[in-house]
Amino acid sequence: MLLVGLFAPGEQCSAAATLGMLYYFILAHQPDFDVVWCRGTVGERIFKPWIARLEQQGCEFLSRKRVTDVVLDKVSGLVTGILCGNELFSADAVVFCVGISAMQRIVASSPVLQERDEFLNTCNLGAVDVLAVRLWLDRKVSIPRPSNACFGFDSSTGWTFFDLNALHDEYQDEQGTVVEADFYHANQLLPLNDEDIVRKVQSYLSTCIPGFAEASIVDRAVVRFPKAVTHFFPGSYQYLMHRNTSFPNVFMAGDWIVNQHGSWSQEKAYVTGLEAANNIIEFLDDGEVAEVIPVEPDEPHILELRRLNDTAKGFCDVLPFADFFL
C-alpha cells in the first residue's frame, strides 16, 4: 500500500503521511474501498469536457506559458500580475495549482517569491519518478481483475497494471489485449531505453499471469514522468505550504497543500482547488461559494478504537518514565 499509495518504500515515507493515507483509503471508507475507474483516459473523459464547459462561460486557457515571476504592488502587498517571460498577465487573484517540481522551478526564476520563506522552503521538498507503459498484444490474455497492485519485483518500486479492455470503452472490441502498467518510484527504470523497459514489463506481467509470456507485442507506448508525484518523506510536513500565503490574494492548491479536510491524493487536490476558489470569492466579494463535501464520519468500531487508544495514552502518561514512551 505504501509503494502504490505514497509512491515510495516505507523507510522513505513520513509516518504522518502513512497514517493519513491508510486512514483515508482504508479505515475511513471500508464499505466502499473498491474504487471506480474512469471509462477512458481522464483527459478525454473528464478534463476536455470540463475545459469546453468553462470556455463556454468565458474562461480562456493558455498553453505553453511558463510562469517565471509575479508582479508585486509593494504598497498594497497584492500580486497584480503574472509574468511568463516578457509577457505580462494582469491578475486580481492567483492560485498556484501545480506540483512540487513545477513550484520549485517557478521559485527558482522568481525574485519576488524568493523573498518569502514559505516559497523558498518548497526547495526542501521532493518528488518521485513515475513510468507508464501501455502494451497492445496480438491475443486475448485472461486477466481476472481489471486493476492490480503489485510489489516484490524491485524492492523500492511499486506498480499497478490495468486491463484496459475491461476499463476503457474504446478497447472493449479490441481483438487483442490492451494492458497498462504504471510504476511508482521508478528511478532505476527511467534511464532504460523503450525496448528494455517493454521487455522488463512483459516479464513482470508474465510472472503475475503466465499468459502474457505467450503473447506478442504489436504496439507500445512508454511515457516517463520524472519527479512527477509528491514524495512525503520523514520531516517534509514542515515545508509543505498552506492554502493561504503571505500574499493576501495568492492561494495554493494540490495534494501537497496542508488543509483540515482529511482527504488524500487526487481527492485532496480537488478539495484544495475548491477551497482556493472559495478564498478568491471571499477576497473579491463576488461569486458563488462551492460546496466542499466533508469526509465521512468514523464508523462505530473506529470510534471505539480511538477511545481505547486515548485511554491507553492516558494510562501511560501517569506511569513512571512516561516521557520515554512513544
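Colleague: Which residues lie nearest the centre of the second largest pocket, and how many residues line the pocket?

Modeller: This is a predicted model, in which local features need pLDDT of at least 70 and side-chain atom pairs count only at pLDDT 80 or more, while totals for chains, interfaces and linings use all residues. Residues are numbered from 1 along each chain as its sequence is written, and side-chain values use heavy atoms, with hydrogens and water left out. The second largest pocket has 27 lining residues, and A16, A17, L19, G20 and Y23 lie nearest its centre. Its space comes to about 840 Å³. Helices α2 (15–25) and α10 (300–317) are the elements that give two or more residues to the lining.

Colleague: What makes a space a pocket or a cavity?

Modeller: On a 1 Å grid over the protein atoms alone, a cavity is a set of points where a 1.4 Å probe fits but cannot get out; a pocket is an open set with protein on both sides within 12 Å along at least five of seven lines; and lining residues have an atom within 4 Å of a point. By this rule there are 2 cavities of 30 Å³ or more. The largest cavity, of about 50 Å³, is lined by G5, L6, F7, T230, F232, D255, W264 and S265.

Colleague: Why is C13 called buried?

Modeller: Buried means under 20% relative accessible area, exposed over 50%, and partly exposed in between (1.4 Å probe, protein chains only). C13 has a relative accessible area of 7%, so C13 is buried. C59, with 37%, is therefore partly exposed.

Colleague: What makes a set of residues a nonpolar core, and which residues have the most contacts inside the largest one?

Modeller: A nonpolar core is a set of buried Ala, Val, Leu, Ile, Met, Phe, Trp, Tyr and Cys residues joined through side-chain atoms within 4.5 Å. The largest has 31 residues, and F96, M103, L113, F119, M252 and W256 have the most contacts inside it. Among the elements giving two or more residues are β2 (79–84), β4 (94–96) and β10 (250–252); α4 gives the most, with 4 residues. Another core, of 24 residues, lies apart from it and includes I143, C150, L190 and V222.

Colleague: Which residues of α4 are buried, and what covers them?

Modeller: I100, S101, M103, I106 and V107 are the buried residues of α4. Their cover includes β4, α5 (117–120), β5 (126–137), β9 (217–231) and β10. Among the residues that F119 touches are M103 and V107, where contact means heavy atoms within 4.5 Å.

Methods: Grid points are joined across faces, edges and corners, and a volume is the space filled by probe spheres set on the points. Lists of a residue's contacts leave out its neighbours within four places in sequence.
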